Amino acid sequence: MTLYEDLKWRGLIKDITSPDLEEKLNKGNMTFYIGADPTAESLHIGQFPTFLMIERLKRAGHKPMILVGGATGRVGDPRGTGEREKADVAVIERNFVKIKEQMQKLFGSDIQIVNNYDWFKDINYIDFLRDVGKYINVNYMINKDLVKRQMEVGISYAEFSYMLIQGYDFKCLHDKYGVDLQFGGSDQWGNLTTGIELIRKLNNEEVYAFSMPLITDSNGMKLGKSYGNALWLDINKTSSYDLYQYMLNFEDVMMEDYLKKFTFLSKEEVESILNNHQKNPEMRIAQKRLAKEVITFLHGKEEFEKAVKISEALFSGNVKSLSKEEILMGFKDVPSFDVKSGAKLINMLIENNICQSKREAREFLNAGSISINDEKVKEEDLEITSNIAIDGELLVIKRGKKKNFIGIIK
């Protein structure tokens, strides 16, 4: 397949501004840019396929640029559901550095990254209205989907003006760096085409843009930070284990779409994975392969192997094979507490609300429902010491099949 055919097969192109773009993409000599929002210090998993397009185009011979919106982040773009909170300038400046580092880690230290605040900070408001605002019709702006939807609940002048700012970004990058292609999520379509309109009117030149479908679950819910279900691409915010578990629980019905959009696997490889998955869906073959491709690209082979090791050890009841760090990663959301060395088991169970009374504790112990580090314990007077702890410090306490606790010996 040509590059364009491959992108269409993967479902990565929704709209294009010109039929000429197909040939230009296949030739491989365009300079393109994508914008990153610095209102968070990391990209999230819902943005990953969009930014992975950088690598796809780069491999095909196109030259990438990334614009981190130090100026646009101060304004906020319309999202169609209501006004965004006003962002703190100091936070935006810190996030710019974080995102720049993340982009260089993923796509190479030599990738060119710019900040649109560099050219907006000295622009005179009257000059901007005359040189930019004069060329974009208000009817054109209010007919854009996100603006139209947000006008029903109210939109500030600042967010309404956002597409002018992004349009001017395209012109600045085109004039200074020869950028002739921009892409982004389908919710950015109005902003993408505004830049093209501005360059056409002011430069009498044609540039191009395409949009990508938003990444959603089977219910159409966007995988994004605004919806409260984000997993971050920064390993310090979301561990490889958490990312692995998250992907392991993806719905089967979404796997073809995700394998195409989140990976570089070929058509034949995707079809083979899906075929094997359908034969044994309980083995989660497609989900595991997706997790391998994504985590390896983001954090490396060792991090993927660590995530698998933790997952398999916890599932098989082999917690002793894990290090303290790995255990804390796997159980980061369970209740934890300190335990005084020499404490009696039954007292520890009651004092930390694992059991509600001595009677209940004895019932669980006699039934073999209490385990420490995957070994059943029945002696209520067992002394809790470093001798029975992992790394002399850690206790993984289980009550039944679903209740987990972490005890730390002090």
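Start by selecting Lys 201 and Glu 197: they form a salt bridge, with the closest N and O atoms 3.4 Å apart (a salt bridge is a side-chain nitrogen of Lys or Arg within 4 Å of a carboxyl oxygen of Asp or Glu). This is a predicted model, in which local features need pLDDT of at least 70 and side-chain atom pairs count only at pLDDT 80 or more, while totals for chains, interfaces and linings use all residues. Residues are numbered from 1 along each chain as its sequence is written, and side-chain values use heavy atoms, leaving out hydrogens and water.

Both residues of your pair lie in helix 12, four residues apart, about one turn of the helix. Helices (H or I, at least four residues) and strands (E, at least two) are DSSP runs, numbered from the N terminus. Lys 201 is partly exposed, with a relative accessible area of 39%; buried means under 20% relative accessible area, exposed over 50%, and partly exposed in between (1.4 Å probe, protein chains only).

Next, click on Leu 202, also found in helix 12. Leu 202 counts as partly exposed at 30% relative accessibility. Show its neighbours: leaving aside residues up to four places away in sequence, Leu 202 touches Asp 131, Tyr 135 and Lys 171, where contact means heavy atoms within 4.5 Å. Leu 202 and Asp 131 are 71 residues apart in sequence, yet 8.9 Å apart in space, C-alpha to C-alpha.

Now select residues 208–212, which make up strand 6, where five of five residues are buried. Tyr 208, Phe 210 and Met 212 sit on one side, with Ala 209 and Ser 211 on the other. In a regular strand the side chains alternate between the two faces of the sheet.

Two strands pair if DSSP finds at least two bridges between them. Strand 1 (residues 15–16) pairs with strand 6 in the antiparallel sense over two bridges, and Asp 15 stands opposite Ser 211. Strand 5 (residues 181–185) pairs with strand 6 in the parallel sense over five bridges; Leu 181 has Tyr 208 as its bridge partner. From strand 5 the chain crosses through helix 12 (residues 189–203) to strand 6 in a right-handed β-α-β crossover: with the strands pointing away from the viewer, the path from the first strand over the helix to the second runs clockwise.

Step back to helix 11 (residues 162–177). Of its 16 residues, 13 are buried. Just after helix 11, Gly 178 takes a positive phi of about 75 degrees.

For another sheet, select residues 336–339 (strand 7) and 375–376 (strand 10), the edge strands of an open, mixed sheet of five strands in the order 7-13-12-9-10. Inside that order, six bridges join strand 12 (residues 394–399) to strand 13 (residues 403–409), which run antiparallel. Leu 395 stands opposite Gly 407 there.

Asp 6 and Arg 10 meet at 3.0 Å, N to O, and both are buried. Asp 252 and Arg 284 form another salt bridge, with closest N and O atoms 3.3 Å apart. Each lies in a loop, so the pair ties together parts that are 32 residues apart in sequence.
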